[in-house]
Amino acid sequence: MIEKSFDHIRSVNLSKIIEAIKEMTISANYNLNNDIRSSLKKSIEIEESKTGINIINQLLTNADIASNQKMPICQDTGMAVFFVEIGQNVHIINDIKNSNNIIKGTLEEGINEGVRQGYTEGYLRKSVVNDPFERINTGDNTPAIIHYDIIAGDSLKISFAPKGFGSENMSRIYMIKPGDGIEGAKKVILEAIDAAGPNACPPMVIGIGIGGSFEKAAILAKKALFRSINESSKIPYVKDLEEELLQKANNLGIGPQGMGGRITVLGINILTYPTHIAGLPVAINISCHATRHAEVNL
Amino acid sequence: MIKIETPLTIDKVKCLKAGDEVLITGTMYTLRDAGHMRVIEQINKDEKLPFDMKNSIIYYVGPSPAKLGAVIGSAGPTTSYRMDEFTPALLELGLKGMIGKGARNKEVIQSMVKNTAVYFGAVGGAAALLASCIKSSEIIAYEDLGPEALRKLYVEDFPVIVVIDSLGKNIYEIEKEKYKIVE
């Protein structure tokens, strides 16, 4: 079996990766995903607050203006977050784009080059500073945040989300006790959503990671935001938990933009992972109604 | 829908009540995290500020870059609480209106009541729509801050909602209670 997996080494050109990343950063920032758009449309029928309905209508009009005029949905075009699923039989090769422009570098450099080109050519906001305290804008929105999964085979899938920080700032991680159980997890999740309130541009989308270790839970929470809000967990009890939390979150009364109403959260996605006998990490990654993502298979 | 024009005088502020939907026409200035730190630095050094704070409106925004021929890029509000620690000093100098999104702290609200000022919410994420109300934009200071540079904007019928009025009445708190379902 091992021999078989070795006879399929596939080469992917770095220039192709750069081009794909560039296109993806621009289109994800200009076009509201269909799952969010249809959820917003549906929510008009549920929302009881007049102001809330006006706000949702503004958001839908905004999405039309952004895609028609090819401009960002939100001025916060985020920090560029990537999940890269790379088959262990993929070989990234440097290649020649044209006679005087040789593309060389690692996969990571290629991704950052794509971000640089996309954020510059797409007129996206450059929001990254060089150091947490020195805080000088890097001018091209790099470096990106990149998570790698090495998988079997020769496929290469790159998923991208521009993550705005109004909502990122309201995200939380809790290390609760095993004895707190599922009720304890629900409590801290709803506490985090309630605390985010009007700051995180509701209606929000919530990514949750439960289990693993401190950092694993946070990465799972981020990854959960990449899933369509129309999809549920394949684990029956997790699916039930998503539905219960969605209903409870919408009972908080926060409403669109925190101005009060029925529509506080559009979707809750949960990912779980095995954890330690002593622990129960719960990470809540808050995102806004402009939760954007795109993916490409190369 | 209430229409107001800048400058935002005390009389105009007093007419605005929490929950009012307002269209603003006139001049406003953009300032966010790093810009606020610069202004405070200048105040502490007794330097002349880049604009007259009296009866002014500050919009918490860092727009995306303008395409060729466009006035400005997408320009929705950023979250306001990060500006809280700098805000009372500006209210003391005559700042009358702030546009952002999200909650403010007690000190800001107390200073707003004392100085008769108003806090507006614009719809966060409606950045392309809000940009269409901005008719001119000019960087007047702190250009090195990029998206955080201080801009003078001229807006027409810029849509906002009064979140906290000059009596300290807060729409976030009042409306949330109305829709909250306790199980």
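The elements of chain B, in a predicted model, follow the order β-α-β-α-β-α-β-α-β-α-β-β-α from the N terminus; these comprise 6 helices and 7 strands, assigned as DSSP runs (helices, H or I, at least four residues; strands, E, at least two) and numbered from the N terminus. Chain B is as compact as a globular protein of 183 residues, because its radius of gyration, 16 Å, is close to the 16 Å given by the globule rule (C-alpha atoms; 2.2 Å times the number of residues to the power 0.38). The C-alpha trace spans about 50 × 40 × 35 Å along its principal axes.

Residues are numbered from 1 along each chain as its sequence is written, and chains are lettered from A in the order in which they are written. Local features require pLDDT of at least 70, side-chain atom pairs count only at pLDDT 80 or more, and totals for chains use all residues, while side-chain values use heavy atoms, without hydrogens and water.

Of the 183 residues of chain B, 60% are buried (under 20% relative accessible area, 1.4 Å probe, protein chains only). The accessible surface amounts to about 7,600 Å², with 52% belonging to carbon and sulfur atoms (Shrake-Rupley method, 1.4 Å probe). Among contacts (heavy atoms within 4.5 Å) between residues at least 6 apart in sequence, 63% join residues at least 24 apart.

Ser166(B) lies in the loop between strand E7 (150-164) and helix H6 (171-179) and is buried, with a relative accessible area of 8%. Beyond its neighbours within four places in sequence, Ser166(B) contacts Val13(B), Lys14(B), Met112(B), Val113(B), Thr116(B) and Ala117(B).

Technical notes
Buried means under 20% relative accessible area, exposed over 50%, partly exposed in between (1.4 Å probe, protein chains only).
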